[in-house]
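User: I would like to go through this model by question and answer. Please begin with the terms.

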Amino acid sequence: MTPVPPELSDLVHSVSHGLRRSWMEDLAPFGISPHQWRALHTVAAHAEHGEDLPRQRDVANALRIAPRSAAEVIAQLEAAGWITRSQDPTDKRAVLLEATESGKDLDRRVHAMRSERSAGYFEVLSDADRAELTRILGVLLEAHPRPEGARRGGGGGLHRRR
């Protein structure tokens with residue numbers, strides 16, 4: 001009997017699950033979860049790129065999560081001393097977010113570790129294959145955006161680094 005090849009969606013799910021599992025293991029020594037790091041990275045990246053300080057909604061939009069979910073993560077990051085909040089001088093209802101020095105340092109260390117892990121994982125692909133996979137996944141994400149207010153399903157948010 002000929003084995004049935006796996007469905008494309010099953011292959012994508014298996015790769016994603018494996019990456020997420022190793023990512024969680026890699027982050028454990030840093031004391032930060034994947035969703036916390038993505039939020040921290042979003043806040044730290046604004047300053048790194050010379051942009052205005054982000055607001056909670058900016059973090060929610062970047063991570064493709066509900067603002068109330070972003071509020072929980074932001075509170076955790078603040079409690080850990082990785083970000084600070086301040087009132088927006090132009091809008092009394094808005095709160096600005098800024099990474100602390102320890103938050104920026106953590107972001108840099110985690111990003112370096114993540115880049116190294118990613119390079120190792122994808123090294124079995126040629127440069128052309130990696131570029132094509134990146135292009136294809138980008139097409140799928142653009143064609144199927146997460147609906148506003150959709151609940152996050154544990155798969156991780158998308159962010160683009162430089």
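Analyst: Contact means heavy atoms within 4.5 Å. This is a predicted model: local features need pLDDT of at least 70, side-chain atom pairs count only at pLDDT 80 or more, and totals for chains, interfaces and linings use all residues. Residues are numbered from 1 along each chain as its sequence is written, and side-chain values use heavy atoms, with hydrogens and water left out.

User: Among contacts between residues at least 6 apart in sequence, what percentage join residues at least 24 apart?

Analyst: The contacts considered are those in the protein chain between residues at least 6 apart in sequence. Of these, the share that joins residues at least 24 apart is 56%.

User: Which pattern does the protein chain follow along the sequence?

Analyst: Helices (H or I, at least four residues) and strands (E, at least two) are DSSP runs, numbered from the N terminus. The protein chain has six helices and two strands. Read along the sequence, the pattern is α-α-α-α-β-β-α-α.

User: How many bridges join strand 1 to strand 2?

Analyst: Two strands pair if DSSP finds at least two bridges between them. Strand 1 (residues 83–88) and strand 2 run antiparallel, and they form a hairpin with two residues between them. One of the bridge pairs is Arg85 with Leu97 of strand 2. The number of bridges joining the two strands is six.

User: What percentage of the residues count as buried?

Analyst: Buried means under 20% relative accessible area, exposed over 50%, partly exposed in between (1.4 Å probe, protein chains only). The protein chain has 162 residues. The buried share is 29%.

User: Which residues does Ile32 touch, not counting residues up to four places away in sequence?

Analyst: Ile32 is among the core residues with the most contacts inside the core. Leaving out residues up to four places away in sequence, its partners are Leu27, Trp37, Leu40, Leu77, Trp82 and Leu106.

User: How many aromatic pairs does the count come to?

Analyst: Rings of Phe, Tyr and Trp (its six-membered ring) pair if their centres lie within 6.5 Å; planes under 30 degrees apart count as stacked, over 60 as edge-to-face and the rest as tilted. By this rule the count comes to two.

User: Why does the pair of Trp23 and Trp37 tie together parts that are apart in sequence?

Analyst: Trp23 and Trp37 form an edge-to-face pair, 5.5 Å centre to centre with 85° between the planes. Trp23 lies in helix 1 (residues 8–27) and Trp37 in helix 2, so the pair ties together parts that are 14 residues apart in sequence. Trp23 is buried at 7% relative accessibility. Trp37 is buried too, at 0%.

User: Why is the pair of Tyr121 and Phe122 edge-to-face?

Analyst: Tyr121 is partly exposed at 35% relative accessibility, and Phe122 is partly exposed at 22%. Their ring centres are 5.0 Å apart. The pair is edge-to-face because the planes stand at 75°.

User: Which residue lies over the face of Trp23?

Analyst: A charge sits over a ring if NZ of Lys or CZ of Arg is within 6 Å of the ring centre and within 35 degrees of the ring normal. Here the distance from the ring centre of Trp23 is 4.5 Å, and the residue is Arg114.

User: Which backbone oxygen does the side chain of Thr42 reach?

Analyst: Thr42 is found in helix 2 (residues 34–48) and is buried, with a relative accessible area of 7%. Not counting residues up to four places away in sequence, Thr42 touches Asp58, Val59, Ala62 and Leu63. At 2.8 Å, its side chain reaches the backbone oxygen of Arg38.

User: How far apart in space are Arg117 and Asp26?

Analyst: Arg117 is in helix 5 (residues 101–122) and is partly exposed at 37% relative accessibility. Not counting residues up to four places away in sequence, Arg117 touches Ser22 and Asp26. Arg117 and Asp26 are 91 residues apart in sequence, and their C-alpha to C-alpha distance is 8.8 Å.

How values were computed: A polar contact is a pair of N or O atoms within 3.5 Å; within protein, one must be able to donate a hydrogen and the other to accept it, and residues adjacent in sequence count only if both atoms are side-chain atoms. A nonpolar core is a set of buried Ala, Val, Leu, Ile, Met, Phe, Trp, Tyr and Cys residues joined through side-chain atoms within 4.5 Å.
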